[in-house]
Structure formats: C-alpha cells, structure tokens
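Please look over the sequence and the model before reading on.

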Amino acid sequence: MDVISMMAKAELFKAGVPLTLMDEWYREIYVEPDVRTAEKEMDAFLAKISLRELMPVLAPYLIANAQEEAIWRTVDWTRKLFGVKMAPTIQMSIAASPMESHFVYEEGKDGEWQLLVNPRLLRDIPVDLLIGVVAHEVWHGYQQQRSLKWQGHSAVEVAKLSSEEKRDLMYALNNMYIIRPEQDREGYASQLVEAEAYLVTNKIRETLAQILTKAYHHGKVPTQMLIALNLTIGKMPICGRFC
Ligand SMILES: [Zn+2]
C-alpha cells in the first residue's frame with residue numbers, strides 16, 4: 001500500500017519502532033553521500049555569509065548592555081539566511097543550564113513562536129557560540145515552517161513524495177512527538193530536529209572562525225575585537241548523531 005496514515009506513523013515513531021520507510025528516507029536525505037540534501041542546503045545557506053554582512057551582526061556584542069539588541073540582530077540575520085518567514089518574540093528567561101535556550105512554538109497560531117534566551121548565556125559563553133545557539137533555535141523555526149506544510153494532512157501518498165517533501169514530513173513527525181531532555185537526554189540530542197540544529201551550531205561557528213581568521217590575517221579585523229568577542233574556534237561540547 002502506498003498510502004500511509006500520518007498519525008499511525010507518528011504513533012510508531014513515538015513508540016520508537018524502527019520504521020523501514022523512515023529509515024530509508026533518513027538514509028536518502030542524511031546519509032547518501034551524493035544526496036545529503038539537508039547538509040548541502042545548510043552549506044549553501046552558510047556560503048552566503050560575508051564579512052561585510054557579519055560585521056553589523058557582531059557590532060552590538062561589543063557594546064555594553066546592548067546584548068538584547070545583539071540577540072535580535074542575530075535572529076533577524078539568521079532568519080534571513082535560512083529563509084524563515086515566521087518572526088519570533090524573544091523572552092529572556094532563567095533556565096537551569098547556562099548553555100540552555102529554547103525554541104517554543106505555540107500550537108494553533110501559525111507563524112508565532114517564542115525564543116527563550118537564558119540571560120546567563122549572554123555573559124557566560126563566547127560570542128560565536130552564542131550566535132551558534134541562536135542559529136540553532138532559528139533552525140528549529142525553519143524546521144517548523146517546513147513541517148507546517150503537513151498540517152491538516154491525515155494521509156500521505158508515499159510513492160509521490162519528493163525528497164524535499166519527505167524531509168518536511170520527517171520534521172512534522174518529529175515535531176509532533178518531540179523527545180524532551182528531561183525524558184531522555186540522549187534521545188533528545190539524537191532526534192532528527194536536534195541533531196540537525198546542533199549541526200547548524202557547529203557549522204556556523206566554523207564558518208565564523210574561517211571568515212574572521214581570514215579577515216584578521218588580511219588586517220580587516222583588529223586583534224582587540226577578536227579578544228573582546230571572546231571568540232573560540234572549536235566544536236560544541238554537546239553533539240547529536242551528526243558529530
Ligand atoms: Zn534544539
């Protein structure tokens with residue numbers, strides 16, 4: 001049968017049953033070296049970053065008490081980069097871990113989502129990681145935007161799905177049955193939407209490091225600025241299945 005019930009698949013997905021079909025799609029989108037559509041797309045987004053457009057994004061991070069403005073600018077910039085039409089509201093909220101920020105989507109209100117940023121993030125971590133964390137959350141907005149295409153669908157004609165539609169559906173299923181960190185820390189980090197978002201964090205940090213290192217060697221960025229931004233070159237300590 002080539003038509004599957006989305007809810008049935010979602011139930012199976014929730015129960016952790018290895019789904020041959022989902023595994024097939026996963027391999028097609030994320031593993032096949034010639035395909036890997038998700039990663040190729042991310043690379044294409046990040047290849048658009050230039051020093052010229054990066055400088056105004058970094059500027060407010062250098063000004064005392066301008067960090068909320070800095071977060072806003074980073075959100076707007078990454079939304080533009082990833083083509084996220086939905087605009088979030090941003091709230092500063094205390095979370096348990098200094099690394100933590102949250103993407104909160106409000107069910108039923110299309111286009112409305114909240115970005116909860118832990119104020120401790122603003123003083124405890126290097127700017128490239130902070131930008132990476134914001135990009136991670138904005139990538140969840142991107143996934144949500146794609147998964148909304150499946151809202152209201154009760155059945156899917158599998159045979160007719162394109163690779164991109166399969167990806168949209170995988171986002172929709174994962175978002176419908178998200179694994180929360182308090183339920184299962186490992187399951188949380190390795191689920192599709194999180195693994196992807198962590199990959200975005202790592203990739204954007206690597207891209208910033210490359211651009212700024214090159215700019216520094218060409219005398220376009222002063223040493224003081226790199227020090228003031230507390231920039232690091234390296235990987236996030238928390239990794240999903242792509243790391
Ligand atoms: Zn996340």
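Predicted model: local features only at pLDDT ≥ 70, side-chain atom pairs only at ≥ 80, totals over all residues.

Residues are numbered from 1 along each chain as its sequence is written. The chain has eleven helices and five strands; these are DSSP runs numbered from the N terminus, with helices being H or I of at least four residues and strands being E of at least two.

**Whole chain**

- Of the 243 residues, 27% count as buried. A residue is buried if 20 or more other C-beta atoms lie within 10 Å of its own, exposed if 12 or fewer do, and partly exposed in between, with C-beta atoms placed from the backbone.
- Among contacts between residues at least 6 apart in sequence, 70% join residues at least 24 apart. Two residues are in contact if their C-beta atoms, placed from the backbone, lie within 7 Å.

**Largest nonpolar core**

- The largest nonpolar core has 38 residues, and the members that touch the most others are Leu130, Ile131, Val134, Ala135, Val138, Trp139 and Val200. Such a core is a set of buried Ala, Val, Leu, Ile, Met, Phe, Trp, Tyr and Cys residues joined through C-beta atoms within 7 Å.
- At least two residues of this core come from each of α3 (37-47), α5 (67-82), β4 (112-117), α7, α8 (163-176) and α10 (192-217).
- Helix α7 supplies the largest share, ten residues.
- Ile131 is in contact with Thr74, Ile204 and Leu208, leaving aside neighbours within four places in sequence.
- Val134 sits in helix α7 and is buried, because 25 other C-beta atoms lie within 10 Å.
- Not counting residues up to four places away in sequence, Val134 touches Ile71, Thr74, Val75 and Thr78.
- Val134 and Leu115 are 19 residues apart along the chain, and their C-alpha atoms are separated by 8.7 Å.

**Helices α2 and α8**

- The axes of α2 (residues 20-31) and α8 come within 10 Å and cross at roughly 115°. Axes are lines fitted to C-alpha atoms, for helices over the stretch in contact, and angles run from 0 to 180 degrees between N-to-C directions.
- That angle makes α2 roughly perpendicular to α8, a class that covers 65 to 115 degrees; under 35 counts as roughly parallel, over 145 as roughly antiparallel and the rest as oblique.
- The crossing of α2 and α8 is left-handed, meaning that the near helix is turned anticlockwise from the far one by less than a right angle; clockwise would be right-handed.
- Helix α2 contributes Trp25, Glu28 and Ile29 to the contact, and α8 contributes Ser163, Lys166, Arg167 and Met170.
- By class, this contact of α2 with α8 has three nonpolar, one polar and three charged residues. Ala, Val, Leu, Ile, Met, Phe, Trp, Tyr, Cys and Pro count as nonpolar, Asp, Glu, Lys and Arg as charged, and the others, Gly among them, as polar.

**Helices α3 and α10**

- The axes of α3 and α10 come within 11 Å and cross at roughly 35°.
- The crossing of α3 and α10 is right-handed.
- Ala38, Met42 and Leu46 of α3 meet Glu196, Leu199, Val200, Lys203, Ile204 and Thr207 of α10.
- By class, the contact of α3 with α10 has six nonpolar, one polar and two charged residues.

**Partly exposed positions**

- Ile49 lies in the loop between α3 and α4 (51-58) and is partly exposed, with 17 other C-beta atoms within 10 Å.
- Beyond residues up to four places away in sequence, Ile49 touches Leu54, Thr207 and Ile211.
- Pro126 lies in the loop between α6 (119-124) and α7 (127-147) and counts as partly exposed, with 15 C-beta neighbours inside 10 Å.
- The C-alpha atoms of Pro126 and Ile227 are separated by 10.0 Å, although the two are 101 residues apart along the chain.
- Thr213 is in helix α10 and counts as partly exposed, with 14 C-beta neighbours inside 10 Å.
- Thr213 and Leu226 are 13 residues apart in sequence and 9.4 Å apart in space, C-alpha to C-alpha.
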